[in-house]
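Student: I have the sequence and the structure open. Could we go through the terms and what backs them?

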Amino acid sequence: MTSVKAQVSHRSYRNMNIEQFNRNIVTMRDELVATAIRLSGNSETAEDLVQEVMLKLWSMRGELDRHTCPKALALTILRNKFYDGRRHARHEMTVTHVQQDHGKEDTTVETADEMDVIRRIMDSLPPLQSQILRMKEIDGYDKEEIMKITGCTPESLRQNLSRARRRIKEEFMRITAYNAMHRG
């Protein structure tokens, strides 16, 4: 039988708002950073990992009541993201070549399809950049809210938004130039 306190605590994650998220989840941030540094050996990589974990937890905030220990969930997500990143780095060259070949086969961009191209480019961004850009440009969060949710600094937020926008612009230009050359 669970105690009343455990039931109240367990239920407090439902429909979590920013203040509740900060109170219940963001307080784990220092421990997550320490674990990320131990895993990666790099404080910048650790910061990126923790920001990705915070974004993942934010996106799961409506489901956190299903988890009895959010701290264990956060640490599991952190480890998974770290190992996924390592696997991704090892296979990055192969994946890049496959994506380029695939892109040559199916990227005919008409004016009506430009948003689809942009969505695909956004989906190919690193998860942190993609999520921050979606929160800012699609969901309409302001910078202060995004910093509270992710725990990132103003400089980190600015850099991630800038990198995401630059990558979208570069990839869009590359895809449209490629399509223009191969249409005629």
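Tutor: Start with helix 3, where Arg29, Leu32, Val33, Thr35 and Ala36 are buried (under 20% relative accessible area, with exposed over 50% and partly exposed in between; 1.4 Å probe, protein chains only). This is a predicted model: local features need pLDDT of at least 70, side-chain atom pairs need 80 or more, and totals for chains, interfaces and linings use all residues. Residues are numbered from 1 along each chain as its sequence is written, and side-chain values use heavy atoms, leaving out hydrogens and water.

Student: What span is expected for helix 3, residues 29-40?

Tutor: The rule is 1.5 Å times one less than the number of residues. Helix 3 has twelve residues, and 16 Å is expected. From first C-alpha to last, helix 3 reaches 16 Å, close to that value.

Student: Which residues touch the most other members of the largest nonpolar core?

Tutor: Leu32 and Leu57, among 42 residues. Such a core is a set of buried Ala, Val, Leu, Ile, Met, Phe, Trp, Tyr and Cys residues joined through side-chain atoms within 4.5 Å. Helix 4 gives the most to this core, with eight residues.

Student: Which residues does Leu57 contact beyond its neighbours within four places in sequence?

Tutor: Contact means heavy atoms within 4.5 Å. By that test, Leu57 contacts Phe21, Ile25, Leu64, Leu73, Ala74 and Ile77.

Note on methods: Helix = DSSP H or I, 4+ residues; strand = E, 2+ residues; numbered from the N terminus.
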